[in-house]
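Please look through the structure shown here before reading on. The text then goes through a few of its local arrangements in turn.

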Amino acid sequence: MISSCAGILAGRRNLHLALPFFTHSVVAFANSHNRETFIQRIVGRVPARKKELLIMASVVFSQASRIYPGTTKPAVDKLDLTVNDGEFLVLVGPSGCGKSTSLRMLAGLEEIDTGSIRIGDKDVTNVAPKDRDIAMVFQSYALYPHMSVAENMGFALKIAGVAKEERERRVKDAAKLLDLEDYLDRKPKALSGGQRQRVAMGRAIVREPQVFLMDEPLSNLDAKLRVATRTQIAALQRRLGITTVYVTHDQVEAMTMGDRVAVLKDGLLQQVDTPRNLYEKPQNAFVAGFIGSPAMNLLTAPVSGGKAMLGNLGVAVPSSASSSVTVGIRPEGFTPAATGFEVAVEVVEELGADAFVYGKPVDKSLKFANTSEELGQVIIRWDPKSPPKPGQTVTVGVNPDVVHLFDAGTGKRLN
């Protein structure tokens, strides 16, 4: 009884966030043509001749800034970002980078101090959350423990006055899409974490919004369930074709889910591009070090004779380079060699299909660009069939085509 009451209170704590979206007036599907279109969209089978009937919307941030009271530093600083119709865009970055604030600005839960935000052809900068035609999925499921799955999913439509038959139709269609048909009569306490998250998504889907907003919806799940659920969310979004903005701090999650990924740091947009381009052509040292797992090796090396020297390994640099540069090499970019860059092995991770060697540069003049000398380690992907032992020294070379060069001062890309 106590836990049930606590769950109800927890739901009420989120109610002030959820209700503006769920109580938005839903256009009644009075004619069968619109109802048919909705059902076809849910199951991902919209005929070509009816695609023009679907309402999708781009999202445009134009110099949008948010400065919280009591501080002069913007939490989000002049954000210029466009999310295309039907696109799955992921906002990613470390804690405090402004990704959740950006999402809340789009939702109408944070004021915009300067700039504007548009959804489709409508400027929503000063529009109330309930009038933005969006649906939000939170980190907390915010399900009502005394309601069944079907009642939770249809609750927003019930408040909006949608007819019972229409509510049931939409709930069943969404449940089929989310593989929840066998759980419609269950209470949330009888569901797993992944199933509860799918119920929360179903509650958003039945509203058929122009834009989905997802704020770290997988954070409460264990590692294995996160992997399974993130693929389901990505596949679901592609079937529905609804513009989606997704926030996460997990760069692996961002890379595997998004059509494009926007990387933020200290309220500033660092780069927005496809996952592949972010990995292969990061625009600065921060993006290079943040994207990729294990992370890129970033070492500040002296320049001599037009080459950055990593011990006995010389890497050609542009003539515009200063006396030192930051050299970025991903773990898979190294290859064993007779002479070159020497690394003292500290730890070897054997993962079956891969092995990763962690160690320190033998050349003590090299400095780590993104961490302290005590915490910094060079990471090398190695043949899992013959990994070295801790305490040994390995020598590696590098393919020049996979080397990334950054200005040691500004962090901007040089090559």
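This is a predicted model: local features need pLDDT of at least 70, side-chain atom pairs count only at pLDDT 80 or more; totals for chains, interfaces and linings use all residues.

Helix α5 spans residues 149–159 and helix α7 spans residues 193–205; their axes come within 7 Å and cross at roughly 35°. The crossing of α5 past α7 is right-handed. On the α5 side the contact involves V149, N152 and M153, and on the α7 side V199, G202 and R203. By type, the residues of this contact are 3 nonpolar, 2 polar and 1 charged.

Charged pairs come next. Side chains of opposite charge can pair when their charged atoms come close. Over the whole structure, 11 salt bridges are found. One of them joins E110 to R66, with 3.3 Å between the closest N and O atoms. This pair connects distant parts of the chain, 44 residues apart: E110 sits in the loop between α4 (99–107) and β4 (114–119), while R66 belongs to strand β1 (residues 59–66). Are these two partners buried or exposed? E110 has a relative accessibility of 14% and therefore counts as buried, the cut-off being under 20%. R66, at 9%, is buried as well.

Two other salt bridges lie within helices. In the pair of R169 and E166, the closest N and O atoms are 3.5 Å apart. Both residues are in helix α6 (residues 164–177), and because they are 3 residues apart, about one helical turn separates them. The accessibilities of the two partners fall in separate classes: R169 is partly exposed, with a relative accessible area of 33%, whereas E166 is buried at 7%.

R276 and E280 form a salt bridge with the closest N and O atoms 3.3 Å apart. Here the spacing is 4 residues in helix α10 (residues 275–280), so R276 and E280 are also about one helical turn from each other. E280 has a relative accessibility of 41%, which means that it counts as partly exposed. Elsewhere, salt bridges with shared partners join R66, R104, E110 and D113 into one network; the pair of E110 and R66 described above is a salt bridge between two of these residues.

The last stop is T395, a residue of strand β19 (residues 393–398). Which residues does T395 contact, leaving aside its neighbours within four places in sequence? They are T335, P336, A337, A338, T339, G340, F341 and E342. T395 counts as buried because its relative accessibility is 18%, and the limit for that class is under 20%.

Technical notes. Residues are numbered from 1 along each chain as its sequence is written. Side-chain values use heavy atoms; hydrogens and water are left out. Buried means under 20% relative accessible area, exposed over 50%, partly exposed in between (1.4 Å probe, protein chains only). Contact means heavy atoms within 4.5 Å. Axes are lines fitted to C-alpha atoms, for helices over the stretch in contact, and angles run from 0 to 180 degrees between N-to-C directions. A crossing is left-handed if the near helix is turned anticlockwise from the far one by less than a right angle, and right-handed if clockwise. Ala, Val, Leu, Ile, Met, Phe, Trp, Tyr, Cys and Pro count as nonpolar, Asp, Glu, Lys and Arg as charged, and the others, Gly among them, as polar. A salt bridge is a side-chain nitrogen of Lys or Arg within 4 Å of a carboxyl oxygen of Asp or Glu.
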